[in-house]
Amino acid sequence: MANTHKAPAPQALNPEPMFSTPYRIQRVRQETDDTFTLEIAPADSAEGFSFLPGQFNMLYVFGVGEVPISISSDPADDPVLQHTTRVVGTVTKAMRLLRRGDLLGIRGPYGTHWPVADAVGRDVVIVAGGIGLAPLRPALYRLMAQREKYRKIVLLYGTRTPEDILYRNELEHWRGKFDLEIQVTVDRAASSWRGNVGVVTTMIPRAPFDPSNTAAFICGPEVMMRFTAMELQRRGVALERIFLSMERNMKCGIGLCGHCQYGPVFTCKDGPVFTYDRIEPLFGKAEV
Amino acid sequence: MTIHTLEPIVQATPFFQGMENRHIELITGCARNVRWAEGETIFRQGDAADHFYLVRSGIVAVQLMVPHRGLTTILTVGEGEVLGWSWLFPPYRWHFDARAQQPTHGFAFDGKCLRTKCDEDHDLGYEIFKRFMQVLNDRLESTRLQLLDIYGKHT
């Protein structure tokens with residue numbers, strides 16, 4: 001499997017990389033208490049752009065600011081895009097107040113992607129933590145669209161409480177198809193919850209996959225990804241077949257400004273999806 | 001009629017994997033099959049901790065009654081996992097409740113019987129403690145991650 005997986009196919013929306021293109025909001029969906037999804041489409045044309053699972057866009061709330069958000073929709077749904085985000089700062093707070101018909105500026109798609117094509121013929125284990133399920137969702141769509149090309153597909157999803165589960169209806173739908181193993185766990189729950197309680201790493205030892213022939217995609221809080229990668233390694237998955245999506249403070253999105261520097265790499269340009277063997281020496285280092 | 005003994009099944013579980021046959025024989029001498037219906041209580045806080053369990057299928061919720069919050073699940077134990085270590089430490093009382101969340105079956109191991117055998121055979125005691133230390137280590141690590149509240153707003 002290739003060590004680097006920069007997106008070759010998708011063309012940037014605008015040839016001038018710092019100019020955004022107007023997109024109109026078609027739908028706002030409240031996913032959980034503090035998380036929402038924007039469904040958007042090009043405002044001035046019927047054509048959008050193609051993207052690869054794991055890539056992100058810069059979303060501009062006019063007059064407020066710009067934030068990087070991973071694309072969470074099915075790549076086949078072009079030109080409609082979905083972005084799921086949590087209300088955490090000034091821009092996402094303003095974004096949450098937008099309504100159907102409002103405009104946003106979009107730059108992208110940027111960054112590296114989940115190596116879905118390279119995982120053909122293997123088991124694929126997807127480990128998501130919290131809102132980390134959003135950047136993995138396009139990969140799940142792609143895997144499920146070509147289900148016969150893969151062996152086992154396992155989704156291990158950990159979140160805070162049952163109320164924080166993202167895309168609940170979709171998870172139920174996928175679970176009903178019986179060709180995708182889905183295990184959900186929460187950190188805490190009332191006794192009425194009938195599912196698993198515990199951190200997502202505890203599901204790895206008993207998850208049904210062959211570690212010698214597995215590609216693993218991880219996205220979530222950095223601490224969760226670190227312990228997940230360690231547990232996958234302990235199970236026998238090779239470092240170079242573990243992929244994770246890093247998050248840093250991005251500004252330009254194209255590797256010019258240096259805000260998202262992570263040791264020797266820029267998260268926006270060299271990532272956000274990295275192989276674990278490239279990131280492992282940097283993980284948990286306070287100085288990086 | 002073929003009589004199936006517990007030894008090969010116990011030996012094949014991840015928890016007992018790699019253990020010598022003579023130790024497996026001693027351990028299964030203290031073991032029996034158990035089944036619980038959905039919602040059935042397995043043990044209650046304060047009761048005598050005279051067993052530990054190995055879950056073969058199903059899910060067990062480890063719970064605690066928290067004032068103003070109600071019965072709260074702090075952990076679930078699933079297939080291949082061990083439930084209960086209070087049988088190892090005085091005063092041998094459960095600190096939490098355990099309830100089957102769905103139809104569950106597994107093995108129950110008599111703690112008093114095993115403690116006696118461990119006292120008589122320290123190699124067996126070492127093997128058992130080594131395995132329980134791994135369980136304790138894993139649970140402590142998981143608890144630390146849960147305490148970090150990594151999916152909260154500040155992470």
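Residues are numbered from 1 along each chain as its sequence is written, and chains are lettered from A, and ligands numbered from 1, in the order in which they are written. Because the model is predicted, local features need pLDDT of at least 70 and side-chain atom pairs count only at pLDDT 80 or more, while totals for chains, interfaces and linings use all residues.

**View 1. Chain A has six helices and 16 strands.** Helices (H or I, at least four residues) and strands (E, at least two) are DSSP runs, numbered from the N terminus. The radius of gyration of chain A is 18 Å, close to the 19 Å that the globule rule gives for 288 residues, so chain A is as compact as a globular protein of that length. That radius is taken over C-alpha atoms, and the globule rule is 2.2 Å times the number of residues to the power 0.38. Along the principal axes, the C-alpha atoms of chain A fill a box of roughly 50 × 45 × 40 Å.

**View 2. Chain A is assigned domain 1 (21-110) and domain 2 (117-282).** The bounds come from an automatic or database domain assignment. Taken over C-alpha atoms, the centres of the two domains of chain A are separated by 22 Å. The contact takes 20 residues from domain 1 and 19 residues from domain 2. Residues are in contact if their C-beta atoms, placed from the backbone, lie within 7 Å. On the domain 1 side, the elements that give two or more residues are β3 (56-61), β4 (65-70), β5 (81-86) and β6 (103-110) of chain A. That side divides into eight nonpolar, seven polar and five charged residues. Here Ala, Val, Leu, Ile, Met, Phe, Trp, Tyr, Cys and Pro count as nonpolar, Asp, Glu, Lys and Arg as charged, and the others, Gly among them, as polar.

**View 3. Chain B has four helices and eight strands.** Along the sequence, chain B reads α-α-β-β-β-β-β-β-β-β-α-α. Its radius of gyration is 17 Å, close to the 15 Å from the globule rule for 155 residues, so chain B is as compact as a globular protein of that length. The C-alpha atoms of chain B fill a box of roughly 55 × 35 × 30 Å, taken along the principal axes.

**View 4. Chain A meets chain B.** In this contact, 24 residues of chain A touch 23 residues of chain B. On the chain A side, β10 (189-190), β11 (196-197) and α4 (222-235) each give two or more residues. The largest share, three residues, comes from α4(A). By class, the chain A side has ten nonpolar, eight polar and six charged residues.

**View 5. An open sheet includes strands from chains A and B.** Its five strands run in the order β10(A)-β5(B)-β4(B)-β7(B)-β2(B), with antiparallel pairing. Strands pair if DSSP finds at least two bridges between them. β10 of chain A and β2 (41-43) of chain B stand at the edges, each with a single partner strand, so one side of each has no neighbour in the sheet. β10(A) pairs with β5 (residues 70-77) of chain B over two bridges. There, A:Ala190 has B:Thr72 as its bridge partner. Seven bridges join β4 (residues 60-66) of chain B to β5(B). B:Gln63 has B:Thr73 as its bridge partner in β5(B).

**View 6. Four strands of chain B form an open sheet.** The order is β1-β8-β3-β6, with antiparallel pairing. β1 (31-36) and β6 (82-83) of chain B are at the edges, each with a single partner strand, so one side of each is left without a neighbour in the sheet. β3 (residues 51-57) and β8 (residues 104-110) of chain B pair over six bridges. One bridge partner in β8(B) is B:Gly106, for B:Val55.

**View 7. Helices α3 and α4 of chain B cross.** The axes of α3 (residues 111-120) and α4 (residues 122-148) come within 5 Å and cross at roughly 125 degrees. The two helices are therefore oblique to each other. Axes are lines fitted to C-alpha atoms, for helices over the stretch in contact, and angles run from 0 to 180 degrees between N-to-C directions. Angles under 35 degrees count as roughly parallel, over 145 as roughly antiparallel, 65 to 115 as roughly perpendicular and the rest as oblique. B:Leu114, B:Lys117 and B:Cys118 of α3(B) meet B:Leu124, B:Gly125 and B:Ile128 of α4(B).

View 8. A cis peptide bond joins A:Asp78 and A:Pro79, with omega about 10 degrees. B:His68, not a glycine, has a positive phi of about 70 degrees.

How values were computed
Contact = placed C-beta atoms within 7 Å.
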